[in-house]
Amino acid sequence: MRETSRARSGERVKPEKAPEAATLLAWYDVSARVLPWRTRGGAKPDPYRVWLSEIMLQQTRVETVLPYFAKFLARWPDIEALANARQEEVLSAWAGLGYYARARNLHVCAKAVVAEFGGHFPEDEAELRRLPGIGAYTSAAISAIAFGKKATPVDGNIERVMSRLSAVEEKLPAARKTLARLAAEMTPAHRAGDFAQALMDLGATICTPKKPACAICPWLDSCAARIRGDQETFPRKAQKAEGKLRKGAAFVVLREDNRILLRTRPSAGLLASMTEVPGSQWSAEYKEKDALKFAPRSGAKGEGQFAWRKLPGLVRHVFTHFPLELTVYAAAAPKQTRAPEDMRFVPLGALDSEALPSVMRKVIAHALEFTDQRKQKRRRK
Ligand code: SF4
């Protein structure tokens, strides 16, 4: 209670002692999460594994990444193997992990490391940053974790810890520089990689956005926000505008030999080179009365109409910059139907090897649900 009223009164509270890197490292030595890209007992980490994990972890939770990391490592155990893979194979193995530009950059980056650096990642942050898909955070993470260089990756978790430790009133995103500086000032020259990973673990497991477990935090006594009692209110954030809702139509053609009509998206832009069912543009101005103008036509030359049925409900998906609502239309086609130009019929059993983004998996699942319901009704009659 005493602490909460301090926060309410806006009183500036300075912890008696400053947070020290050594305290966090001692905690990390006994509490580090065991993760397949990490090493123990001072062993040298494999830069390929560190890089692969850091790319997969961008905007993605550890639990989601673990099976993908295992799959990639089993299939492409080193950078040369990944560089020699075909792009479609990499996109297909990535399907479901989201943010597909990462998969394309991963592949281009593997090729660049092999071609320009003989298969060895550069150790320096600035050189790493010149590689595709490696930005400020990832270059610092690889440099510190894989090579022990004094670098400080700062992601949302670490920003939260820093903002609470020093009770930073400046609002995000403007506060980013301040928070990065605070983290850099604390980074030790020795064990910089462990310090970065310790901060990541602290942010992910103890200093969580809601209900941080301050009682077991190694920096309990040196955290300004904890002493004020309003730690959950940090980091301060400026209000951000939500992306405008976009709408569109998706067309699912199911041939009677259980094949579905698919096509490949253009090689640039959102979900580039991924697989999709045919559909309209996704736009805030989309009008449902125009939906069928975007429907594919049957036959290789697109001469005939499919008999479209609008399915009940909508498929909703949220991209980073906008939410999307798709109306799904379905049509059944006889076995001999040929795919329109630039499209293909793919067996339903082979969808796992297609680079289908999550939104398209939702569309197909939605259509199949209604197809199954129809079949069951027919059987009951
Ligand atoms: S004391 Fe609480 S708020 Fe402060 S760093 Fe630790 S977990 Fe976060």
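By class, the largest pocket is lined by 18 nonpolar, 13 polar and 13 charged residues. The structure is a predicted model. The volume of this largest pocket is about 1,600 Å³.

**Largest pocket**

- The lining of the largest pocket comprises 44 residues, and Gln59, Asp155, Gly156, Asn157 and Arg160 lie nearest the centre.
- Two or more lining residues come from each of helix H3 (47-57), helix H4 (62-75), helix H9 (136-147), H10 and helix H12 (192-205).
- H10 gives the most to this lining, with five residues.

**Second largest pocket**

- The second largest pocket holds about 660 Å³ of space.
- Its lining has 29 residues, with Tyr28, Thr39, Gly42, Asp194 and Gln197 nearest the centre.
- Helix H2 (21-31), H9 and H12 are the elements that give two or more residues to the lining of the second largest pocket.
- This lining divides into 13 nonpolar, eight polar and eight charged residues.

- Rolling a probe the size of a water molecule over the atoms shows where empty space is left.
- One cavity of 30 Å³ or more is found in the structure, and the volume of the largest cavity is about 120 Å³.
- Of the 15 residues that line the largest cavity, Arg164, Cys207, Cys214, Cys217 and Cys223 lie nearest its centre.
- The largest cavity has a lining of 12 nonpolar, one polar and two charged residues.
- Helix H10 (residues 156-165) gives the most to the lining of the largest cavity, with three residues.

**Aromatic rings**

- The whole structure contains 10 aromatic pairs.
- One of them is the edge-to-face pair of Phe306 and Trp308, with 5.5 Å centre to centre and 65° between the planes.
- Phe306 and Trp308 are both buried.
- Phe251, Phe306, Trp308 and Tyr329 are linked into a cluster by ring pairs.
- Two arginines lie over ring faces: Arg236 is at 4.0 Å from the ring centre of Phe234, and Arg255 is at 4.6 Å from the ring centre of Phe345.

**Cis peptide bonds**

- Most residues other than glycine have a negative phi, and most peptide bonds are trans.
- Leu172 and Pro173 are joined by a cis peptide bond with omega about 5°; Pro173 is in the loop between H10 and helix H11 (176-186).
- The bond from Phe234 to Pro235 is also cis, with omega near 0°, and Pro235 is in the loop between H13 and strand S1 (246-255).

**Positive phi**

- Tyr99 has a positive phi, near 45°, and sits in the loop between helix H6 (87-94) and helix H7 (101-117).
- Tyr99 counts as partly exposed because its relative accessibility is 38%, between the limits of 20% and 50%.
- Ser273 has a positive phi near 65°, in the loop between strand S2 (259-264) and strand S3 (275-276).
- Ser273 has a relative accessible area of 17% and is therefore buried, the limit being under 20%.

**Ser222**

- Ser222 is in the loop between H12 and helix H13 (224-228).
- The relative accessible area of Ser222 is 3%, so this residue is buried.
- Apart from neighbours within four places in sequence, Ser222 is in contact with Pro15, Lys17, Ala18, Pro19 and Leu165.

Conventions:
Residues numbered from 1 in each chain as written. Predicted model: local features only at pLDDT ≥ 70, side-chain atom pairs only at ≥ 80, totals over all residues. Heavy atoms only, no water. Phe/Tyr/Trp six-rings, centres within 6.5 Å; stacked < 30°, edge-to-face > 60°. Buried < 20%, exposed > 50% of the residue type's maximum accessible area, 1.4 Å probe, protein only. Lys NZ or Arg CZ within 6 Å of the ring centre and 35° of its normal. 1 Å grid on protein atoms, 1.4 Å probe; cavity = no way out; pocket = protein on both sides within 12 Å on 5 of 7 lines; lining within 4 Å. Points joined across faces, edges and corners; volume = space filled by probe spheres on them. Helix = DSSP H or I, 4+ residues; strand = E, 2+ residues; numbered from the N terminus. Nonpolar A, V, L, I, M, F, W, Y, C, P; charged D, E, K, R; others polar. Contact = heavy atoms within 4.5 Å.
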